[in-house]
Amino acid sequence: MTDIHNTRLERDAQVNHAIALLGAEPREGEIADLGSPAPNTFFSIDPEAALTGTFATAQDGLIRLSYAAARKPRWCALHLTAGGIDLDGATVLGVICKSQAEAAVTFRICLRSGTPEGFVDTFLPKSVVAFAQPSVHVDLLRLDTVSGLPKQAEWREIVLFFQPGKADVVLQDFRVFIV
């Protein structure tokens, strides 16, 4: 069992702890706006989409999402809290993701930074594609080449924006690193 208390000090420790908690114990439920599949994680769903679906954690990997929408959603996202990561002096933020889906599914990964005015979204360059066979995706955000990304933020999240419509996707493993 994963300890609910995070004792690590690295910049990426809080988000990787949230990911570990996601896969720590089996949970099942309905996907709902602001619903939480595990501590330090939550869904954000376009309320106009009439999206219905389920999630299951710690069974086939970290989390399985199965959903369909009556109307095409503008967004369907899973948020992983990352704390107030200080990016000053950091060069790269990267992710490694192992995924699988019944039919090909795409999603984008975003670093969301909380500011006094609201938030700033910075998307990693590539889309993740999950296939019928397990596949691994690696993506890097070179922090010195990104304009508009605050080096300090009140809070940060890693947000996974899943494709609108219908999907059945398993996140088997997911890691974030900052160097």
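**The sheet and the salt bridges**

Author: In this predicted model, 5 strands make up an open, antiparallel sheet with the order 2-5-10-7-8. Local features need pLDDT of at least 70 and side-chain atom pairs 80 or more, while totals for chains, interfaces and linings use all residues. Residues are numbered from 1 along each chain as its sequence is written, and side-chain values use heavy atoms, without hydrogens and water.

Reader: What makes strand 2 and strand 8 the edge strands?
Author: Strand 2 (41–45) and strand 8 (118–130) each pair on one side only. On average, neighbouring strands of this sheet are turned by 25° against each other, direction ignored.

Reader: How do you know that strand 5 and strand 10 pair?
Author: Strands are DSSP runs of E with at least two residues, helices are runs of H or I with at least four, and both are numbered from the N terminus. Two strands pair if DSSP finds at least two bridges between them. Strand 5 (residues 76–83) and strand 10 (residues 156–162) have 6 bridges in the antiparallel sense, so they count as paired. One of the bridge partners is E157 in strand 10, which faces T81.

Reader: Which strands does helix 1 lie across?
Author: Helix 1 (residues 13–22) lies across strand 2, strand 5 and strand 10, at about 125° to strand 5. Contact here means heavy atoms within 4.5 Å. The angle is taken between N-to-C directions on a 0 to 180 degrees scale, with axes fitted to C-alpha atoms, for helices over the stretch in contact.

Reader: Why is the link between R112 and D121 called a salt bridge?
Author: The term asks for a side-chain nitrogen of Lys or Arg within 4 Å of a carboxyl oxygen of Asp or Glu. The closest N and O atoms of R112 and D121 are 2.6 Å apart, so the pair qualifies. The structure holds 8 salt bridges.

Reader: And why is R112 called buried, but D121 partly exposed?
Author: Buried means under 20% relative accessible area, exposed over 50%, and partly exposed in between (1.4 Å probe, protein chains only). R112 has 11%, so it is buried, whereas D121 has 29% and is therefore partly exposed.

Reader: What about R175 and D173?
Author: Their side chains meet in a salt bridge at 3.0 Å, N to O. R175 has a relative accessible area of 47%, so it is partly exposed; D173, at 27%, is also partly exposed. Elsewhere, salt bridges with shared partners join D46, E48 and R74 into one network.
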